Structure formats: structure tokens, C-alpha cells
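User: I would like to go through some of the labels used for this model and see what each one rests on.

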Amino acid sequence: MEALNAKNQDPGRPRTRLINVSNRLSVTVTKNADGLHFEESVGGLTTGLASLSQDYEICWVGWPGITADDLDDSQKQQIVNRFAETSTCPVFLSTEQVEHFYEGFSNKTIWPLFHYFPLNTVFEDRYWQEYQRVNEEFCSAVLDIAGPDDCIWVHDYHLMLLPGLLRDKLPSAKIGFFLHIPFPSFELFRLLPWRRELLTGILGADLVGFHTYDSVTYFLNSASRILGYEHSMGTLTADNRLVKVDSFPMGIDYERYSQAPYDEKVRSYAAEIRRKVGDRKVVLSVDRLDYTKGIIERLEAYEMFLSEYPRYKAQVTLIVLAVPSRAHVDSYMQLREQLERLTGRINGEHGAIGWVPVWYLYRAVPFEQLIALYSVADVGLVTPLRDGMNLVAKEFVAARTDGTGVLVLSEMAGAASELGEAIIVNAHDKHAIVRALAEALEMPREEQIDRNRSMQERLSRYTVKRWVADFIETLNDIKSTQRQHSVRLLTRPDKDKLVASYKKNRNRLLLLDYDGTLVGFVDRPDKARPDEELMELLKKLAADKANEVLVISGRDRRTLERWLHGLGVCLVAEHGAWFSRHDGQWQMAEAFRSDWKQVVKPILQLYSDRTPGGFVEEKEFSLVWHYRRAHPEMADVRTKELIHAIANMTKNLGVGVFEGNKIVEIKSAGISKGRIIEQWLKTDVWDFILAAGDDYTDEDMFDVLPPDAFSIKIGTSISKARFNMDSVRDLRTLLKQLSNVTVWTAP
Ligand code: ADQ
């Protein structure tokens, strides 16, 4: 793609490039005896992106809809040349790729599973293999044109691996991913043998968007339960990079749909339809022919309606417009047959001379005809069994220029959360659809107008242009947040400096947190006893006369003593409430109170009893609720309730409530690692200080250290420490290196 080659760009070009990647391009190429034909369909996304053209140069990457096996080299070149005029880069797929990647993994595995049809889901390894290969081909196509500062927006379930593949090649690229279909609950998603790979692929993006908040929640839940990534307000850290997950309910080109009914051509189509329908009420059903759209269930409900409300016989016509879709996939072929049989049955059993109850059209119609149908219909019956958003519902409301018309909408459509004034139904409940139809047909005109005006106002505000702008703005925001919070890993040169300073100095203070820093986390706190290697290491470090080694922990003093006594290290217990120097005698740092425990302990115990896997640990000046082994979602709810309950109860008791790593700790106010370290620092003139810790209590310690101290946060979240380190193992390696520095003995 010469014309798109990033290297050929004017270096001073003002506009950032936005590379939009989706399985299908908005231009479809077909071939017949006359040669190639290019057909453009103006989708909402094209309009939305066009509105950014002031600031961005928009490029497209995708499949043009024709299989590569049907094209010779010169035809491929013809397509490439033609697409280059509109900054479009085609990805050619072979017949086999279409079969296994598109019809197979995308539409026989992901589509049914994500729409809650697990029994229709096919798990085939060869589909998965092809899915990976095609995602890699898309990756190469993007890499051919992408420059380092470009913004890349990947769309939908066909390309869930692509963000991750791009991230490997372009580590600092700005990548967004939007899923247009629902993200399922963890219980369904976990069925996929390739769940880890798919999640990791998606999390290659900086921003992950869904239509609804439910999908956001389900995705975050799967990321937590499958990959162990916890989030805070929808932001998580994956591979040392902040990733934001949020909902962006897609809008429509409101202007276009609300103005189109005034068009001459539309008006004449509408008049023609009206003439044919006569005085009858029109109920309209418009979808791609897909089993998730609930078309069969809708028709069955309509049949039931005609039986239950015979007065509507010959007074109403249901127009079913079904766009052919995935016509080579078995389940879609069967659906078509089923629909045609059902339509025949209803018309045969309920119809009369001069009245056909169901008008069925199996085709895509031009925009003007679609709008004519929207504007003629009295009721828009949109009852998908599950739908990411459903734009038909929004288009129907927008096209009601006089404000009349009633939308009956499934609660399973993402659109339902924005279109609350519609009659909302459970699409699986045929009785509810029957009642809704009757209510819709009898709704007073003023009420119809009232309801539609409110929805129109909302739709006119959150249009597809706003949607695109919002997504891109959020992507830019997360990128700058990443820069501000970039994790400062202890690099090789930093490490060399640290070791050099250790070697050079003779009065060193080593401040080491225990859990999560010197040892990894385990299910129960009593299982985290030090291993041989750690004991040897601490002993060796403490043996060096130039070192004062402090293990500073939240644990109670008895445990620390049992585990670490005799190694020559000083101990600080309960986050600074107690300390013992080399003589092994424990001293209380200050006079703290603990009478509040009688009030708080029963509450903690109660929560523990109600949460399987949770338990209470009691220390002298604190109480800890542990929930590492509890069900994560239940623990999440309980933690919030618990913190609220305790905060209310302990207002005047002089205690603080803290959330740590899978714990809630309540401790006497005034106890902090910062306070004790501040005092310790004054006991000598330290020329080398190393402090390592992993959780919120260690932040107090980092806070009081002099600026040249080597402070290290274990883990990659944001911290006051100067450096981050990936794991306990990495810290031990560093400590081992220090312990091997020649032991210095006082002259
Ligand atoms: P779809 O499943 O295709 O989209 P939908 O959002 O309703 O569902 O979009 C269908 C589009 O096709 C509408 O713009 C509609 O006007 C058009 N259309 C339908 N029937 C037609 C016909 N007979 N002739 C011409 N045009 C017709 C997927 C997800 C949705 C999500 C969208 C956008 O499944 O949940 O809303 O992407 O993210």
C-alpha cells in the first residue's frame, strides 16, 4: 500500500492518523461477468468517524467481502488501487479462511456463546487455529501502514486477538477496542477453551469499550477471575500498562434518520405502503435474519395475539423485514426455513380474503424504503433475545417526525437502558409481548408523543458522532494517564547504581516488609512461614556489620518472633505498634488503645460467618478480615458493606479502617509504618537506605524516606516508591546479590 505507507508521510503532517480496523469494510466488492463491482453502504460508524476528519486522517483496514480464491492477481491489484483512493487497505481472505475464521470461530463459536446460546456453540480447534492466523494477517496489514503515533481502533468479536498482537509489535501504540455484541457473564465465558488468550488479546488495547455497563462488569469479572487482574473504577493494570474499560452506548446519525422522512422519495414510498395497507394498523419487525433477534418468538407471540384479541383480525398487519445474513451457516439456513413455514402457517390459519396477517420480505431494502416503513408503522416491535445494542430501535424512534408510534423493546437489547419510555418486555415471555402489542395499539396519541419526544431528545444528544468522539477522547485520556503514572521498573542501570552505593557505604539500613515482599501470598496467613533460602539470606545480610536489617510487618509479634528469631534482624510488628532490636525484647512504640476491639470484633465475626472462605485474625492493636479464599464477587459486596458498617460504628473510637490485599484491617489510629520508621531514621546517620514493600501500609514508610533512599514497590501499581519491581523473586535476587558483596568488618 504505497499511498498509505507511513514512511512516505510528510513528517510535518498536522493530522494524526486513525486506523479503523474491522472485519468488514463499508465497501463490498462483488464480481460478475462484467468484472468487479464496488458497493458502498453508509454505516453509522463511517459517519461518526467522518466527523473527526478535521483532526484525524481516517484509514480503514478490513475484508472487502469477496474471497481471494475468486480473484486473480490483477483483480486484487485493481481492488488495492481503487481502495487506496479512500485510504482503505483490504485484507484478502481465502475460501477456507472465510469458512473457518468468519463462519466458523466468529459465527459458530463466539457469536452464539456471547449471545447466551451455549448449545449452538461449536468448539473446533481448526476454527480457533484459523482465527489466530487471520488475526495475525490483520496485524500485518495494520503494521504495513501504521506509524508509531497513530491511533488504532479495532472493532468487534472477529478481531479480539488483534490488540494483543499489535501491542507486541508496537508497545507504545494507542490502541482502542470496541465490542459491538454483548460480553457474556463469567459462567458462559469460562466455557471457552481459549478464554485466556482472548482476554489477553483484548487487553492489548489501552481502552476497551462495550455498549452497556453490564458487559463492562462481566468483562472485568472475567479478567479478575481468569487472569487475576483486579480493577479500580474500571481501570486495571495488565502487563505494566493501565487499561481502561468502560461503556459507550453507540448512537445513530440522528440528523439523517430524523430528516429522511421529509425526503420526496421516502414520502412517496410511504404513501404507497399506506395505500396498500389501507386503514389497518402496521406493526413493523426489522432485523438481520439471526436467531438472536427473536424473530420466531415474535411471530409466535403475534399469532397468540391474533387468537387472544380477535377484534384485531383484519385490523392489523405485521411487516417482517429480514436481511439475509450468514446464509452459508447451517443454523441460519434452518432459521430461514422455520420462519417461512411459520409465516405460511399464520397467514394460512388466520388470514382472510383481502387480509394477509404477515408480510414477509427476505432482503435488504434501500435506505429510503426502510425509512418509509419506519414512518408508516404504528408499532415498532423489536424483541431480540439478546443484542449488544440494537440500532433499529433507535432508528425507528428517530424517524417518527410527528412523535407518534410506539416502540416495544426487549429488555435484552442494550438499547433498553437508554429507551426507557418504550414498552419494555421480556422477549422470552410471549404473553408479555401479546400484552405489549395490545397496549401499544391502544396507546393514546398524546402519550405516544410524550414518550417519543423524551427518547428523541436523548438520541439527538448522544449521536454516533458523540459516540466516536467520546471513545477517541477517552482513549487519548487513558494514554496521558498512562504517561503520568508510568511504572518505573528498576532497570539494569538503576540496579547497578543501587549495588554500587551499597558497596560504597558503611552504614546501611534495610527496611523489608514481609508478606508480598519477602514471601508470596498464600491462602492462609499462617502458611507463609519463611523458607530456608529466605532465612539464609536474612541471616547473611544481618551478619554484615555495616547493615541494620529490619523486617517490618503487619503481623503480630509472636508470629514474627517464632519465624525470624535468631537471624540477627530487628523486627517491627503490627505495622509499627511493637518493635524489637537485636536484644529480642519487644517494646511498644507508643501507648495505643485496644478496647475498641470488643465493639468491632462481633461485627467482623458476623460478616465472616456470612461469607464462606472469609475469616478474622486478631492482633493486639488491630483486627483483620481476610477474604482471599472467598467468592470474589460476594467478597466485593461484603467488603463494601463491612467498611460502611464499621466506619459508622467507630467514628469516635480512634481507629482507622483500611483496605489491603484481600483484607480489611481495622487498627488503632496513629499506628503506621511511617511513624516508626521516622523514629528509626533518627537513631543513626544512614548513608544507604533500601526499603521494599508491596501494599498500602508500606506507602507510609516510603513517604518518610529521604529522597535518595532506594525505595522499591513490589508489583506494578502506582506507588510513592522510586522504583517498581515485578515480583518477590526479583527482590530476593537483588538481596542475594547484595548479600554476596564482600562482608565488611570494622577496622
Ligand atoms: P446488528 O446485529 O446488525 O449489529 P443492529 O444494531 O440492529 O444489529 O443493526 C442493524 C442495521 O441494519 C440497522 O442500521 C438497520 O437499519 C439495518 N437493517 C436492518 N434490516 C434492514 C433491511 N432489511 N434493509 C436495510 N437495512 C436494514 C451489531 C450488534 C448490535 C449493535 C450493532 C452496532 O449485533 O447489537 O447494535 O452491531 O454496534
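User: At what angle do the axes of helix α21 and helix α22 cross?

Analyst: This is a predicted model, in which local features need pLDDT of at least 70, side-chain atom pairs count only at pLDDT 80 or more, and totals for chains, interfaces and linings use all residues. Residues are numbered from 1 along each chain as its sequence is written, and side-chain values use heavy atoms, with hydrogens and water left out. The axes of α21 (residues 597-610) and α22 (residues 632-649) cross at roughly 165 degrees and come within 11 Å. Axes are lines fitted to C-alpha atoms, for helices over the stretch in contact, and angles run from 0 to 180 degrees between N-to-C directions. Helices (H or I, at least four residues) and strands (E, at least two) are DSSP runs, numbered from the N terminus.

User: Why are α21 and α22 called roughly antiparallel?

Analyst: Angles under 35 degrees count as roughly parallel, over 145 as roughly antiparallel, 65 to 115 as roughly perpendicular and the rest as oblique. The crossing angle is roughly 165 degrees, and α21 and α22 are therefore roughly antiparallel to each other. On the α21 side, the contact (heavy atoms within 4.5 Å) involves residues including Val-599, Ile-603 and Tyr-607. Among those of α22 are Met-634, Arg-638 and Leu-642.

User: What makes Thr-317 count as buried?

Analyst: Buried means under 20% relative accessible area, exposed over 50%, partly exposed in between (1.4 Å probe, protein chains only). Thr-317 has a relative accessible area of 1%, so Thr-317 is buried. This residue lies in strand β13 (residues 316-323). Among the residues that Thr-317 touches, not counting those up to four places away in sequence, are Tyr-302, Trp-355 and Trp-359.

User: How do you know that Ser-22 counts as buried?

Analyst: Its relative accessibility is 12%, and Ser-22 therefore counts as buried. Ser-22 lies in strand β1 (residues 16-24). Phe-138 is 116 residues away from Ser-22 in sequence and 9.2 Å away in space, C-alpha to C-alpha. Ser-22 touches Phe-138, and also His-155 and Leu-159 among others.

User: What is the aromatic pair of Trp-625 and Tyr-627 called, and on what values?

Analyst: Rings of Phe, Tyr and Trp (its six-membered ring) pair if their centres lie within 6.5 Å; planes under 30 degrees apart count as stacked, over 60 as edge-to-face and the rest as tilted. By this rule there are 34 aromatic pairs. The pair of Trp-625 and Tyr-627 is tilted, at 5.2 Å centre to centre and 35 degrees between the planes. Both residues are buried.
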